[in-house]
Amino acid sequence: MTTKVGVIGASGKMGSEVCRAVEADDDLELVARVVRGDSLGALVDSGAEVAIEFSIPDSVKDNAAFCLRNGIHTVIGTTGLTSGDLDELGGLAKKHEANCFVAPNFAIGAVLMMEFAARASPYFEVAEIVERHDKEKLDAPSGTSLRTAALMNEARTKPWDTPVGGKESLPGARGGEVDGVHVHSLRTPGSVAHQEVILGSPGQTLTIRHDSQDRGSFMPGVILAVKRVSSLEDLTVGLERLLDL
Ligand SMILES: NC(=O)c1ccc[n+]([C@@H]2O[C@H](COP(=O)([O-])OP(=O)(O)OC[C@H]3O[C@@H](n4cnc5c(N)ncnc54)[C@H](OP(=O)(O)O)[C@@H]3O)[C@@H](O)[C@H]2O)c1
């Protein structure tokens, strides 16, 4: 028995790679490719059991809500969802008995980077995150950097030291801040997904770095989520929840 899968955002960089990965997997059957302007009804008509969402931050919530309301398990890779959006999608999942899985980053190396950064956080005083993506990326900072900062903050019991270094004469020079973790977003042509977490304490620096050189890095995580989503509960956030770390 194969699982029927529909892809939303199928013509995008991630969507087209995901279509290829689904087609290459003997346990999965690609039954719908939804591109901008198409009706999401095609997913229902095709009998899709799982939808994979890789569109844009402005449309991801409505697309996912449609899938869940129609009883289709949904795997979301598009970034930009707020915690309020996640609560809403979790509520729809519960109500309609379709599960929702969201990962800001499907690359195993990125998940390990987040895990290592969280583990190291209690032992340092300052933290900076530098993320780099393609210049076309529609949101900043990246979902991965926000998730990394959240996990690092959860792992600590005391506040970070947040040095500004005197006057910030150029507004934004110290980046954005997530409860003491400074986040810097670089946008350069040709980048895929790159992040460094830099932790400091007197006399030492620990740098944890991950690079996705191409979109193939995300596919094993996406396929794993597609295969597991029906056995999860309501809303699950983070690929680490599917891995035995
Ligand atoms: N979680 C992860 O591991 C991960 C990894 C990489 C990227 N991402 C995220 O995935 C998302 C997509 O990235 P990408 O690089 O593939 O971007 P992309 O190449 O710009 O693809 C987005 C696609 O969505 C389509 N689209 C726009 N509005 C739509 C709608 N209402 N319904 C259906 N499709 C719609 C676009 O169509 P048009 O071209 O016609 O506008 C485009 O084909 C971004 O949010 C990115 O940050 C996540």
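Which residues are buried in α6? In α6, the buried residues are Thr144, Ser145, Arg147, Thr148, Ala149 and Met152, where buried means that 20 or more other C-beta atoms, placed from the backbone, lie within 10 Å of the residue's own. The model is predicted: local features need pLDDT of at least 70, side-chain atom pairs count only at pLDDT 80 or more, and totals for chains, interfaces and linings use all residues. Residues are numbered from 1 along each chain as its sequence is written.

**Overall build**
- The protein has seven helices and eleven strands, taken as DSSP runs numbered from the N terminus (helices H or I, at least four residues; strands E, at least two).
- Along the principal axes, the C-alpha atoms fill a box of roughly 60 × 35 × 30 Å.
- Of the 245 residues, 40% are buried.
- Of the contacts between residues at least 6 apart in sequence, 71% join residues at least 24 apart; a contact means C-beta atoms, placed from the backbone, within 7 Å.

**Domains**
- Domain 1 covers 3–102 + 216–242 and domain 2 covers 108–213, with bounds from an automatic or database domain assignment.
- Eleven residues from domain 1 and ten residues from domain 2 make the contact between them.
- The domain 1 side of this contact has five nonpolar, five polar and one charged residues; Ala, Val, Leu, Ile, Met, Phe, Trp, Tyr, Cys and Pro count as nonpolar, Asp, Glu, Lys and Arg as charged, and the others, Gly among them, as polar.
- The C-alpha centres of the two domains lie 27 Å apart.

**Ligand shell**
- The ligand has 26 residues around it, of which Gly9, Gly12, Met14, Ser59 and Gly77 come nearest; a residue counts if its C-beta atom, placed from the backbone, lies within 6 Å.
- Helices α1 (13–23) and α3 (57–69) each supply at least two residues of the shell.
- By class, the shell holds twelve nonpolar, eleven polar and three charged residues.

- Ala150 sits in α6 (residues 143–154).
- Ala150 is partly exposed because 18 other C-beta atoms lie within 10 Å, between the cut-offs for buried (20 or more) and exposed (12 or fewer).
- Ala150 lies eleven residues from Asp139 in sequence and 18 Å from Asp139 in space, C-alpha to C-alpha.

Note on methods: Two residues are in contact if their C-beta atoms, placed from the backbone, lie within 7 Å.
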